[in-house]
Amino acid sequence: MCPRSFALFLFFLTPPSAARLKGADPTARPCQSHHHSSTWASQMSENEVELSSPPTDGVSALAFCPHGRLLAATSWDSQIHLYRVNSADLVTSLPQPSPLLDCAFLDGGKIVSGATDGALRLHDFESDIERVLGRHANGVRCVGKCAAVGAVVTGSWDRSIKIWDARTSEACIGTYAQPDKVFAMCAGVLGANSPSIPLLVVATASRHVRILDLRKPSDPLQIRESALKCQTRAVAQMTNNIGYAMGSVEGRVAVEYFDADPNVQKKRYAFKCHRTPVGGEPTQRALQCHQAHDAHCVGLRQFSCLRTFALPIN
């Protein structure tokens, strides 16, 4: 068997205005021609910086701290790796008892991580203190911070989500059963007007989707079935809070809207942004909505591939 090697890159993306000067159509759906692929590959290679001391196994999650100067990477090598963005240097690596599946910053000096052993751990890089906030009965697949309620939310392969207050000794403040193993989730709000509803979108095995009000998570606002026929790997809420995007293992993305009005639901659509046969590689690993521009960023596991799309999400 050939030895495996791993690398981690920062991609400094060209602003949309500059992309338009190059002749790109910001409203167009992604084109998969060799010409466009080579253009993007050339542009990305000019703007990428390889981070020093990458993880020694597959990267499971990435998270930027609130001020944007630090990047955390969790990995199957059972370590949290913290990098300084402006220099691409490794700040520290924290060995853990088991492989890590996800992480989220609480502030510039604290991060929470979920692991395959079911533990949710709080890491304080400034004081060098670490503690276990609590446990799931199986691996913690998703970790997120919901600013609207000031809480940490986790989703697990044990078919549950938990809500945590990291400031208290008895951190777990609620456990809520889900229809199947949790594979992806995102926290946000519903609606732009105040007061907004603190929202959690949960995607599980068997294509279940639950849209929850975190003030009463045992009573779902909506119960849906994924429009994608394959397993969900990522979900991200739109920055205008009117819907969300879901990504599947086959490289397809679905754009969904919260409003159940039939006229709004007519806007739903899906497209295949990474064209690979079902059951083949690469597998879509991450999906994020850009905070400043109407764009989605989609990443892959196994291959070094990152694509951005300007989508008609309004």
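Lining the second largest pocket are Leu106, Asp107, Lys110, Lys145, Gly150, Ala151, Val152, Trp164, Asp165, Ala166 and Arg167. By pocket I mean, on a 1 Å grid over the protein atoms alone, an open set of points where a 1.4 Å probe fits, with protein on both sides within 12 Å along at least five of seven lines, and a lining residue is one with an atom within 4 Å of a point. The space in this second largest pocket comes to about 170 Å³, where the volume is that filled by probe spheres set on grid points joined across faces, edges and corners. Sorted by class, the lining has five nonpolar, one polar and five charged residues, with Ala, Val, Leu, Ile, Met, Phe, Trp, Tyr, Cys and Pro counted as nonpolar, Asp, Glu, Lys and Arg as charged, and the others, Gly among them, as polar.

Please keep in mind that this is a predicted model, in which local features need pLDDT of at least 70 and side-chain atom pairs count only at pLDDT 80 or more, while totals for chains, interfaces and linings use all residues. Residues are numbered from 1 along each chain as its sequence is written, and side-chain values use heavy atoms, with hydrogens and water left out.

As for the chain as a whole, it has three helices and 25 strands, taken as DSSP runs numbered from the N terminus (helices H or I, at least four residues; strands E, at least two). Of its 314 residues, 46% are buried, where buried means under 20% relative accessible area, exposed over 50% and partly exposed in between, with a 1.4 Å probe and protein chains only.

Which residues touch the most other members of the largest nonpolar core? Of the 13 residues there, they are Val201, Val209, Ile211, Val235, Tyr244, Met246 and Phe258, a nonpolar core being a set of buried Ala, Val, Leu, Ile, Met, Phe, Trp, Tyr and Cys residues joined through side-chain atoms within 4.5 Å. At least two residues of this core come from each of β15 (182-190), β16 (197-204), β17 (208-213) and β20 (243-248), and β16 gives the largest share, three residues. In soluble globular proteins, nonpolar side chains tend to be buried together. Tyrosine 244, leaving aside neighbours within four places in sequence, is in contact (heavy atoms within 4.5 Å) with residues including Val201, Val209, Ile211, Arg224, Val235 and Phe258.

Let me turn to the loops. Serine 206, in the loop between β16 and β17, is not a glycine and yet has a positive phi of about 65 degrees. Asparagine 241, placed in the loop between β19 (232-237) and β20, likewise has a positive phi of about 65 degrees without being a glycine, and asparagine 241 counts as buried because its relative accessibility is 17%.

Glutamate 170 sits in the loop between β13 (160-164) and β14 (172-177), and counts as exposed because its relative accessibility is 65%. Glutamate 170 and leucine 133 are 37 residues apart in sequence, with 7.6 Å between their C-alpha atoms.

Finally, arginine 268 belongs to the loop between α3 (262-265) and β22 (269-272), and at 36% relative accessibility it counts as partly exposed. Beyond its neighbours within four places in sequence, arginine 268 is in contact with Ala227, Val255, Glu256 and Tyr257.
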